[in-house]
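The entries below follow the order in which I looked.

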Amino acid sequence: MGGAVSGRVLAVWCPDWPAVAAAAAAGVPAHQPVAVLLANRVQVCSAPARVEGVRRGLRRREAQSRCPGLTVLPADADRDGRYFEPVAGAVDTMVPGAEVLRPGLLVVPARGVGRFFGGEDKAAERLVDAVGAVALPGQGGQVGVECQVGAADQLFTAVTAARSSTHVAVGGDAAFLAPLPVAVLAAEPALAAPGRADFVDLLRRLGLRTVGDFAALPAKDVASRFDRDAVLAHRRARGEADRPPSARPLPPDVAVGQRFDPPLARVDAAAFAGRALAAQLHTRLAAAAVACTRLRVLARTTGGGELARVWRCAQPLTPDATADRVRWQLDGWLTARAAAGGAGEGGAGEGITALTLEPVEVVDAGALQLGLWDGEDQGQERARRALARVQGLLGGDAVRVGVLSGGVGPGERVTLVPFGDEPVPAADPAPPWPGRMPAPSPSTVFAQPPPARLLDRSGAPVAVTGRGHLTGDPEQLAWRAAQARVRGWSGPWLVDPQWWAERWWEGAARLSVRLQVEVEGSVVVLLLWRDQVWQVEGVYE
Amino acid sequence: MFSAVPDGGSGGARAPKAVPDLSGLSQAQKLARLRHHLAGHHLAGQDPARRMLPVPAPVAELLPGGGLPGGSVVGVGGARLLLLALLAQVTAAGGHAAVVALPDLGLLAAAELGADLGRLAVVADPSPDPLEVAAVLLDGMDVVVLGADRAVTPARAQVVAARARGKGAVLIVSGAPWPGLDLRFEARVSRCEGVGRGHGRLRCLLLAVRAWGRSFPERRGLVRLEGDRGLVRVRGAQDFPGATAQDGPGAAGWGAR
């Protein structure tokens, strides 16, 4: 529909990147078969190896039997990240704002790019040329990194299109994806949650073989039957934007930074610093109840240069994932610097003097991709903001919420805590509280109970004996300059039935009782006898 | 009436929208009926000008729309139990409420009436300007209760009422007179049960409620509040044994208040 408004995306995909990086590191020429092994199984292999029949998941021995000339190299995520930095740099110099999804895959916002280069096709050509001209370190002067470019309205479509070097027309995302097998939804690990492969398998067994079949399902049926990741996959299958248009606003002061003196020149020192910073960043993000999905890594070098790179993730970054990305990034930069001539100066080359991690996009820590339960949350958020503003006007203590608490009297049974604090009752409501009055409770509970006088028929004050009995039948209640005839009373109810267990020697002086008194006009008053006087604790009306 | 209330859900046959008739239903059926009722009246995601805040069933019978219309200013006088019952219903339905300048309100009684205390904020001392605080709260809450201790000038009252109307929130004023109320309640404990002479305990209160507004003449009803295992049940008083005409609001002296 109006997909053009949100901006086009170009995806730059370097096929078999781990194999390319491993081959470059080992000095193996690109035309020789290479396989990268993880846990004795082929993780990735290069195109020449694939031609010989090597496949992902094969055992080492079988791969070697199919392709005797295969060079087998161990997997190393750090190496992949380090070697990708020159590629990202090459793209970034051509089109600013490149975001790395994973080593081997990056996306650039294509808004304006097409016009600048005279069409997206031309821009893609230029990108392929630029990446092809990148010299990977350790390649021995050999030039050439292969890449494919896809363009589409949405990120996922662009990444999928890059695998076939397709340029999807504006608004054609859904139509492009529709005939593809559902497996493409799980093809890109950087854009799928861990359980996506199982989900795709399930879809296939349900008879949904193409992305179009899946996209044709109503969104609410998908959301009600599958998990969040499935909703996300569905949105992608329909060519809709991944994230709700309004992500959480960035909380202030979440960026973390550190200066280094002496400058960081060694990769391991940089990695250590990156890990510490990542932990610090996540403490702040957690305090703001958000999680980061796009992170900018900024570094300043001794030469006064500034380096920046944005990493984008499908899932919110964990502290470890953040640390990894920072390490790859610093590693890439430092290696590039060293290769650019710093090495010849005996370690006096450029180092990193300052490092900043800055979240670019955050989502709620328990983020929902689709605002299914928006209504509820919005109401709560609105209320929270209004109350916070009143707290700003009157002070934090002025706004309180009640929490049911243990206790005997109607006032004790609700603890008021300042709004925003953890609602902790003053006493545990669970254990039995003898002496509690049953419901209903008074609708008015006085914080400062006014004194009252209870009189018997002869006009003498009614008191409470040491055994908890009234000295006479109440006849008149005087309270707040009003006197009313008593129609009935219930009690006295001992406030603490075990009052004598401690401090028994104080005797009747410590005795405390409650009395419900009904006066004329159907007004029931809760009286409290304490310290030898009656007080009005509450009114039932 | 049908067209005035947005169709809430995709349910089958709907009862007429005013008040769900709960007589002769089992507990589960009542719950289902009330949930259905709430779907139409739900607090969130509705056109603020047309939403209705739920009120306890016996009170709903007194109101033409079956609830408190969003954006209105409501005066509640007399017994506070009615106020608490209104707050309990709103917060139990997922709304947010704030109580301003009513320091001695019994929150325990509200909880017994079914209120969700976590959604009920209390601003006991909003000095120097309770009206300002209430106006701020109207931005975010569904119901704001203002305990007015002195008369408010019509100009200021208008400003706050406009705020409520703009946000679809309900301002409930308790205490001093307020110019330009859309709806008024007067409640009085007409009878209480259970207190003997030195025995028994308070078990049940009968509230005589009068409601009238700009758009409808005075209506009267009885609300029975009965303690039941730590909770208070709110019922209409037609099933109140021995409820006679003289318990009603028509009793002598009542009209003069």
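I looked up Val34(A) and found its bridge partner in β4(A), namely Thr71(A). Strand β2 (residues 34–38) of chain A pairs with β4(A) in the parallel sense over four bridges. Two strands count as paired if DSSP finds at least two bridges between them; helices (H or I, at least four residues) and strands (E, at least two) are DSSP runs, numbered from the N terminus.

I note that this is a predicted model, in which local features need pLDDT of at least 70, side-chain atom pairs count only at pLDDT 80 or more, and totals for chains, interfaces and linings use all residues. Residues are numbered from 1 along each chain as its sequence is written, chains are lettered from A and ligands numbered from 1 in the order written, and side-chain values use heavy atoms, without hydrogens and water.

I then traced the sheet of chain A: it is open, has three strands in the order β3-β2-β4, and shows mixed pairing. Because β3 (41–45) and β4 (71–74) of chain A stand at the edges with a single partner strand each, one side of each has no neighbour in the sheet.

Next I turned to chain B, where helix α3 (residues 80–92) has 13 residues. Eleven of the 13 residues of α3(B) are buried (under 20% relative accessible area, with exposed over 50% and partly exposed in between; 1.4 Å probe, protein chains only). Among the buried residues I list Arg80(B), Leu84(B) and Thr91(B). Just after α3(B), I recorded a positive phi of about 100 degrees at Gly94(B).

Terms used: Expected span 1.5 Å × (residues − 1).
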